Amino acid sequence: MPPSPSPSIASLAAGQPPTSKHGDIDLFTGPAIDLYEDGYSDPIYQAKARILNRSIQEIGMGKYQWHLFIVAGFGWFADSVWPLLSGLILTPVIFEFHFNGPLLSLASNIGLLVGAVFWGLGCDVWGRRWSFNSTLLIAGIFGLATGGSPDFVTLASLIAVVGVGVGGNMPVDSAIFLDLVPGSHQYLLTILSIWWSLGQLLSSLIAWPLIANFSCPSAEECERSNNMGWRYLLFILGGLTLFLWGLRLFVFTLLESPRFLSGIGKDAEAVDVIHKLAEYNGKTTTLSVEELEAPGRPNNEGDSLPLNGRRNILSKDSRFDAGHIKALFATPKMAWSTSLLIALWGIIGLASTLYNSFLPYLLASRGAVFGDGSLYITYRNQVILSVIGVPAAFLAGWAVEVPYIGRKGTLAIASGLTGAFLFASTTARTSNALLGWNCGYAFNSNIMYGVLYAISPEIFPAKDRGTGNGLTSTATRVFGVMAPVIALYANLATAVPVYIAGGLIILAGFLALLLPYEPRGKVSI
């Protein structure tokens, strides 16, 4: 006979909301209500999600979640390192291969686009584990191979394949983390952006001595033998990515999302995951299969639906269909929310990619005018900008929990300040002034991205979270592909790209305030 459920779980199984005070967050009971308190298009799924959420909350934040914070952070790390790389190696690669600079960023963003679509939508079909353990492997192997590129075509092709792996990290890893963290600690999803900042910092620190000391001074007589710096950088980062993949696969054992399992009719396996989670954390749980199946029963007599009548919420089989996308637009409120999130990601992706992809080139070209455009100064400045992002991640994690500000307010404020600093950078008349304005930009943009990466998966229901993350990531990657195309026809020696980027990011800040859902104080389903 299974142990009797706790009162909180029993009430959820009966479809009753918890009785905690509205909006309170307790370390033991978690948020009092879920994000869809005013109703959801699939009440059976919502009831089951509440049961699973309550069980995870009662287990609490333990060593499994902290270990997951680390290994999921590897995805943020890779998502920072590899897209940034096309900018870090741009100058020496142009010297050696003689091509139009924006084409390298274009190749990278095409790969990131494919990866976002494939892995994001796919993890709602075959589950999180397979995707989680594959993305870094692809990035590491082809990242290493990229260092041996004999020409630009090979380099661009391999960079694109690296992007296919990297493009899946954010959609998949954020879904995984949110699926297994207690509602009281959802804010940690924002702080996960610390790994993004650390990726920027580490890649810049490695690039600084290598590219400054092992690169051609100009395009004249630039051969492989005297331009090895960027290759060394790729070998090191490719090897590091493979090492992180090894830690994920061989050291840490990822549990499948219990909501995914429950959605495809595997309630027993979902309950088993909860029990394994409790055991890993040194806790116990009273959750039983009967409790989890209760919301799907036609009455309280315990009679389950026949097999052909069960609702396979996440996927009916191992094929993807449009149902995952339709579910994100099931109600007018959800449709408005999903549309705004896609617009936010697209707009910020266009603005930030246009600016960030060419930041080292911009600093070098402007610095040359100011008389200090050496590779050493350029990459020193890049390290400084990367350091700025580390405290920004912690500030973002604090700000999203502040009453009356929350996720939406933090995103709006950070976006507005990011755009303002971009505008201000056009007033720089010295290299140090330009660096100062860029420090303000880097600080606020790291907050902006940290919140954006968190609020989207928090709003999307777990049953379609991978698809939602895939759609938003696809939007930013589509516009990311457009950015280098624009740069091909724009004059980067003028302030025009900066004005465009600044205006778009400020617009995104206003759009953030229109989101109909505020995750602060509520648990995601």
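How many disulfides does a search of the whole structure find? It finds 1. Before going there, take in the whole chain, and keep in mind that this is a predicted model.

**Stop 1: the whole protein**

Show everything as a cartoon. The secondary structure comes to 23 helices and 4 strands. The protein has 525 residues, and 61% of them count as buried. Now think about contacts. Among those with a separation of 6 or more, 83% are between residues 24 or more positions apart.

**Stop 2: the disulfide**

Select Cys 216 and Cys 222. A disulfide joins the two, with 2.1 Å from S to S. This kind of link is a covalent bond between the sulfur atoms of two cysteines. Look along the S-S bond: the angle about it is 85 degrees, and the link of Cys 216 and Cys 222 is right-handed. Are Cys 216 and Cys 222 buried or exposed? Both are buried.

Most residues other than glycine have a negative phi. Glu 221 counts as exposed because its relative accessible area is 72%, and the cut-off is over 50%.

Two further cysteines deserve a click. Cys 123 is buried, at a relative accessible area of 0%. Cys 439 has 17% relative accessibility, so it also counts as buried, the limit being under 20%.

**Stop 3: helix 12**

Select residues 229-251, which make up helix 12. Start with Arg 231 and bring in Glu 96. Their side chains meet in a salt bridge, 2.7 Å from N to O. The pair links distant parts of the chain: Arg 231 is in helix 12, Glu 96 is in helix 4 (residues 90-97), and 135 residues separate the two. Both Arg 231 and Glu 96 are buried.

Next, pick Phe 235, also in helix 12. Phe 235 counts as partly exposed because its relative accessibility is 34%, between the 20% and 50% limits. With Phe 235 they form a nonpolar patch on the surface, and together the four have about 330 Å² of accessible area.

**Stop 4**

Move to His 98. It sits in the loop between helix 4 and helix 5 (102-122). Here too phi is positive, about 55 degrees, although His 98 is not a glycine. His 98 is exposed, with a relative accessible area of 55%.

**Stop 5: more salt bridges**

How many salt bridges does the structure hold? There are 11. Side chains of opposite charge can pair when their charged atoms come close.

Select Asp 179 and Arg 128. Their side chains meet in a salt bridge, 3.1 Å from N to O. Asp 179 lies in helix 9 (residues 169-180) and Arg 128 in helix 6 (residues 128-132), so the pair ties together parts that are 51 residues apart in sequence. Asp 179 and Arg 128 are buried.

Then select Asp 464 and Lys 463. They form a salt bridge whose closest N and O atoms are 2.7 Å apart. Both Asp 464 and Lys 463 are buried.

**Stop 6: the nonpolar core**

Which residues touch the most other members of the largest nonpolar core? They are Leu 68, Trp 82, Ile 89, Leu 233 and Leu 344, out of 122 residues. Helix 3 (residues 63-88) gives the most to this core, with 14 residues.

Center on Leu 344. Leaving out residues up to four places away in sequence, Leu 344 touches Leu 411, Leu 452, Ala 508, Leu 511, Ala 512 and Leu 515.

**Stop 7: Ala 412**

Finish in helix 20 (residues 406-425), where Ala 412 is found. Ala 412 is buried, with a relative accessible area of 13%. Beyond its neighbours within four places in sequence, it is in contact with Gly 509, Ala 512 and Leu 513. Draw a distance from Ala 412 to Leu 514. Their C-alpha atoms are separated by 9.9 Å, and the two residues are 102 apart along the chain.

Definitions and conventions. Residues are numbered from 1 along each chain as its sequence is written. This is a predicted model: local features need pLDDT of at least 70, side-chain atom pairs count only at pLDDT 80 or more; totals for chains, interfaces and linings use all residues. Side-chain values use heavy atoms; hydrogens and water are left out. Patches are made of residues with over 30% relative accessible area and no salt bridge: like charges are joined within 9 Å, nonpolar side chains (Val, Leu, Ile, Met, Phe, Trp, Tyr) within 5 Å. Accessible areas come from the Shrake-Rupley method with a 1.4 Å probe; for residues, only the protein chains shown count as cover. Buried means under 20% relative accessible area, exposed over 50%, partly exposed in between (1.4 Å probe, protein chains only). A nonpolar core is a set of buried Ala, Val, Leu, Ile, Met, Phe, Trp, Tyr and Cys residues joined through side-chain atoms within 4.5 Å. Contact means heavy atoms within 4.5 Å. A disulfide is a pair of cysteine sulfur atoms within 2.5 Å.
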